[in-house]
Amino acid sequence: ILGVDPGSNVMGYGLIRIEGKNSKLISFGIISAPKNAEHYDKLKFIFDHILNVIDQYKPDEVALEAPFFGKNVQSMLKLGRAQGIAMAAALLRNLPIFEYAPLKVKQSITGMGQATKEQVAYFLQKIYGFDEIPKALDATDAVAVALCHWLQSSRPTSSKAYKGWDDFIRKNPDRVK
């Protein structure tokens with residue numbers, strides 16, 4: 001799973017591999033657009049580099065953090081364009097795309113929707129055991145998005161197949177000692 005934390009100046013990416021009931025961190029980092037470049041040149045730079053990550057690691061799915069609100073309209077527009085560029089790269093390679101709200105990502109990783117970027121990074125360091133928390137927390141945010149996607153997609157759905165313990169035991173005699 002490729003997780004993406006969109007940004008028009010710095011975009012985080014993180015890749016995890018699912019092995020049975022476990023996830024393994026494959027790679028994470030940031031794509032930093034040239035500071036003095038025009039906005040559209042930054043978007044092309046990001047597109048080329050996200051496409052390179054996709055081609056190098058060949059993920060099966062892409063999970064993005066979705067910007068839902070912001071104080072500055074221009075910033076939100078630029079962020080939305082950067083997210084769209086990441087989506088376009090995934091669509092070019094026929095990858096399914098999933099979006100998660102920042103609160104959902106933080107809650108999935110830390111149990112708290114209002115967690116800070118530092119708290120998310122700390123939890124991921126404990127989960128995956130990487131040596132140092134990177135200075136650019138966009139990278140760990142992207143890993144969090146990928147992990148959130150896996151946790152959300154692998155969560156068992158509740159079923160009303162049993163009408164109490166007697167019904168469960170009757171339907172599962174091999175599971176009772």
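Buried means under 20% relative accessible area, exposed means over 50%, and partly exposed lies in between, with a 1.4 Å probe and protein chains only. Keep that in mind for Asp 48: its relative accessible area is 36%, so Asp 48 is partly exposed.

Two notes on the source. This is a predicted model, where local features need pLDDT of at least 70, side-chain atom pairs count only at pLDDT 80 or more, and totals for chains, interfaces and linings use all residues. Residues are numbered from 1 along each chain as its sequence is written, and side-chain values use heavy atoms, with hydrogens and water left out.

Salt bridges first. How many does the structure hold? Three. The term means a side-chain nitrogen of Lys or Arg within 4 Å of a carboxyl oxygen of Asp or Glu.

Asp 48 pairs with Lys 44, and their closest N and O atoms are 2.8 Å apart. Both sit in helix α1, residues 39-57; they are four residues apart, so about one helical turn separates them. Helices here are DSSP runs of H or I with at least four residues, strands are runs of E with at least two, and both are numbered from the N terminus.

Next, Arg 93 meets Asp 55 in a salt bridge, at 2.7 Å from N to O. Arg 93 is partly exposed at 35%. Asp 55 is partly exposed at 33%.

Then Lys 117 and Asp 141, with closest N and O atoms 2.2 Å apart. Here helix α4 is linked to helix α5, through residues 24 apart. Asp 141 has 8% relative accessibility, so Asp 141 counts as buried.

Now the aromatics. There are two aromatic pairs. Rings of Phe, Tyr and Trp (its six-membered ring) pair if their centres lie within 6.5 Å; planes under 30 degrees apart are stacked, over 60 edge-to-face, the rest tilted.

Phe 28 and Phe 130 make a tilted pair, 5.0 Å centre to centre with 50° between the planes. They link distant parts of the chain, 102 residues apart: Phe 28 in strand β3 (residues 22-32), Phe 130 in the loop between α4 (117-128) and α5 (138-154). Phe 28 is partly exposed at 25%, whereas Phe 130 is buried at 12%.

Tyr 122 and Phe 123 have ring centres 6.1 Å apart and planes at 90°, so their pair is edge-to-face. Tyr 122 is partly exposed at 45%. Phe 123 is partly exposed at 31%.

On to the strands. Two strands pair if DSSP finds at least two bridges between them. Strands β1 (residues 2-5) and β2 (residues 10-19) run antiparallel, joined by four bridges. They form a hairpin with four residues between them. In this pairing, Asp 5 stands opposite Gly 12 in β2.

β2 also pairs with β3, antiparallel, over ten bridges. Arg 17 faces Lys 24 in β3 as its opposite residue. That hairpin has two residues between the strands, and Gly 20 takes a positive phi near 65°.
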